[in-house]
Amino acid sequence: YQSDMSQAGSLAPTHVNQSVAVYSLPDEAWARRVSGVFSNDLATTHPERAHAVLTERPDGNFLVSVRAPLANKQGAADLCRQFPTGGGRAAAAGINDLPGEMLDAFIAAFSETYAG
């Protein structure tokens, strides 16, 4: 567990500003094991920011974990329901199988949903 979390913690966000951060995890076993815990840790560390953790799947699609800012636990489910296989709760939601060609649209919608 510590090794897995250490690998996740060494990653830099692929997109970041004051309102959002997006992290991409590789298609590896350690990444699948920690994606939810890593998302929660990010939310706790940066409570004013929304977080999306994308875990690559073997087919080029993504497993997506979204955490709304702890300071305003809203919008995650509504965002994820805009995409096939998406759902969840207002504060924490996800997409089970985001098609790779929809990644840019997801990042744009995520950024717009949580624009400061």
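## The sheet and its helices

In this predicted model, six strands form an open sheet with mixed pairing, in the order 1-2-3-4-6-5. Strand 1 (15-16) and strand 5 are the edge strands, each pairing on one side only. Further in, strand 3 (residues 50-56) runs antiparallel to strand 4 (residues 62-67), and six bridges join the two. Opposite Arg-67 in strand 4 you will find His-51.

Helix 2 (residues 29-45) packs on this sheet, where it touches strand 2 (20-25), strand 3 and strand 4. Helix 4 packs on the sheet too, in contact with strand 1, strand 2, strand 3, strand 4 and strand 6 (92-98). As for direction, helix 2 makes about 175 degrees with strand 3, while helix 4 makes about 165 degrees with strand 3.

## The aromatic rings

How many aromatic pairs are there? The count comes to four. Two of them are set out here, with the distance between ring centres and the angle between planes:

| Pair | Centre to centre | Angle between planes | Type |
|---|---|---|---|
| Phe-83 and Phe-106 | 5.7 Å | 70 degrees | edge-to-face |
| Phe-110 and Tyr-114 | 5.7 Å | 65 degrees | edge-to-face |

Ring pairs join Phe-83, Phe-106, Phe-110 and Tyr-114 into a cluster.

Note on methods:
Residues numbered from 1 in each chain as written. Predicted model: local features only at pLDDT ≥ 70, side-chain atom pairs only at ≥ 80, totals over all residues. Heavy atoms only, no water. Phe/Tyr/Trp six-rings, centres within 6.5 Å; stacked < 30°, edge-to-face > 60°. Pairing = 2+ DSSP bridges. Helix = DSSP H or I, 4+ residues; strand = E, 2+ residues; numbered from the N terminus. Contact = heavy atoms within 4.5 Å. Axes fitted to C-alpha atoms, helices over the stretch in contact; angles between N-to-C directions.
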